[in-house]
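Hi,

Here is the structure I promised to pass on. Have a look at it first, and then read my notes below.

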Amino acid sequence: MNRDKIGPAILFILGSLIILDQFFKVELFVLVLFALPMILSIIVLYFFISKKKLSINIFLKNQIFRVNIGNQSIYGITCKIIGKQELDGTANLQKELDALLDAISRKEIDLEYVVITSISNKRKSSSLILFKKCENCEDDIMREFESVSIIAKAVSPHISLVPTPSSNLAIPIPQIFGNISYARVFDKVYDVPKSEDSTVDYDVEIGDITNGKMISSPIGIRSSDVVRHIGIFGSTGSGKSNTAALLSKKLAEIGFNVVILDWHGEFKNLLNDFIVFDRQNIIKINILSQSYGIEDIVDIIGDVLQLTDPQRFMLHLLLLKLKGRPFTLSTVIDTLNQLDEGSNWSREVKYALARKLLLLTSRQGKLVFSNEEDDIEKILESGKYIIDLSFLHNIRLRRLYGLFILKILTDIYFRGKSDKKILIVIEEAHNYFTEYNDFINRIISEVRKFGVGLCIVSQSPSSISAEILKNTNIKIIHSLKADIDKRVISDSLSLPPSMVNFIDKLDIGEAILSAPNIKNPIVVKIKKTF
Ligand SMILES: Nc1ncnc2c1ncn2[C@@H]1O[C@H](COP(=O)(O)OP(=O)(O)OP(=O)(O)O)[C@@H](O)[C@H]1O
């Protein structure tokens, strides 16, 4: 029976007695004699029933409270958040509190946390309550409190958490806040990585789920998702190369061909069982080879040398005419001269094109572009290779050579010449992007169905084309410092605010992983390759 039914019940009894009195002319004191016990028994019944329904019983042990509600128990602990200001006022308590709550929000546990800030005229105080629905779990609560206290010491040296004793009547919300006046209505909503994510299926383990302090279960990606392309992003020194090397090693172990286009020549130190092509062992490319489609060659040269449309058209004509002749400075000039001299317009285009093509016939250009073509398809047919591009000092030449290798490799797959899947790692990928990215944008969307997975590695996701970002379905985000990069990544992943705040706080080797096999992005500590 609830409280608002008592009044009507008593009125009903009184009304019935008055009617009885009218009909049977009973004495008033007899009526009162009847009515009183009835009313009393209703009140007693009410308290008895309501006590049975909701028994709240607060119990205290080591500052831990237990609240029994019906047959459920909640265990918890309340702690005052006490901030101590330095004498010279240098402690940034707000920042420390944010860091502490950030760290707590990353913990993967089944406890609930509530921050309560009470504000009155005289006092302002904040406290943290951690609690859990459970039975006999004082020890769990105490352990959690100790772990939170350790985190507080590490991330917020001027803030301490002091447990508040509860009485058996109430769980007090503390009134005094250290030696400073401090209150804040906390407005952040945290989306804590859920432990269910640890049950995802994967066959390429890359690390362990972490909350920044503790490591929980191992996690990885599915090799079947590799052809949906991988993006590894992070500032210098954040751990990108290690992650790319780890993926290369693991995928090679399960039968992928792996080719790394190594911009700075650092991978041979990370993967010493890969075959290395470098200055001593250069793969030579014949641009005029019969087997390469002219459209792709025009796009690659046009993108890297930033050719205008008329120059691209002229290049197309030039390549058609040059077929079967050596690609040397004199043949290029000769052939250009044979092309229609009809108008001033074409003469200007010709000279501008000839000037830009000088790069390919330069001393460095001749190291990699040659008529004595190597059988690249044979060389890279199967296995694991590092192609060290760092011996090419001219950046545009390095970019050209890298893209030609990419084209030749993808052609092998387009023609169905390999039944093994391949991972092509494009290190320092931002270097391949210019104002025009026709070739690389086309490749990334086409190669997927042919068993080719691209792994784009870059310290500057904001310099990568939107097309590429959209097409990398597995993203591994190491610490990023520049605001523009953080924004580009958080927009492309629709990251929750707590994770966005976190991108620049990740430690070396830590990364946010977003992949088709994982429901929500999670923080992972990547394994070290060696
Ligand atoms: N998962 C990891 N665990 C522990 N240490 C790591 C991890 N990943 C990288 N490191 C260490 O961090 C340092 C930088 O790593 P790495 O070269 O992979 O970073 P990077 O982002 O590729 O840097 P850069 O852009 O300068 O090439 C190295 O000393 C490496 O040993």
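A word on naming before the rest: helices are DSSP runs of H or I with at least four residues, numbered from the N terminus. Also keep in mind that this is a predicted model.

With that in hand, take helix α15, which covers residues 483-493. Its buried residues are D485, K486, V488, I489 and S490. After α15 comes S494, with a positive phi near 50°.

Now the whole chain. You'll find 16 helices and 17 strands in it. Of its 530 residues, 35% are buried. If you take the contacts with a separation of 6 or more, 73% of them are between residues 24 or more positions apart.

Next, the ligand. There are 13 residues around it, and the ones that come nearest are G239, K240, S241, N242 and G509. By type, the shell has nine polar residues, two charged and two nonpolar. Which helix gives the most to this shell? That's α5 (residues 240-253), with three residues.

Just after the helix, G255 has a positive phi of about 100°.

Then there's the packing inside. The largest nonpolar core has 97 residues, and L261, I424, I426 and C455 are the ones that touch the most other members. Helix α12 (residues 395-414) supplies the largest share of this core, nine residues. Where does the core lie relative to domain 3 and domain 4? Domain 3 (200-283 + 374-526) and domain 4 (294-363) both give residues to the core, so it lies between them.

I426 is a handy place to start if you want to see that core on screen. Leaving out residues up to four places away in sequence, I426 touches L261, Y432, L454, C455, I456 and V457. Two of these names, L261 and C455, are also on the list of residues that touch the most other core members.

Cheers

Notes:
Residues numbered from 1 in each chain as written. Predicted model: local features only at pLDDT ≥ 70, side-chain atom pairs only at ≥ 80, totals over all residues. Helix = DSSP H or I, 4+ residues; strand = E, 2+ residues; numbered from the N terminus. Buried ≥ 20, exposed ≤ 12 C-beta atoms within 10 Å, placed from the backbone. Contact = placed C-beta atoms within 7 Å. Near = placed C-beta within 6 Å. Nonpolar A, V, L, I, M, F, W, Y, C, P; charged D, E, K, R; others polar. Core = buried A, V, L, I, M, F, W, Y, C linked by C-beta atoms within 7 Å. Domains from an automatic or database assignment.
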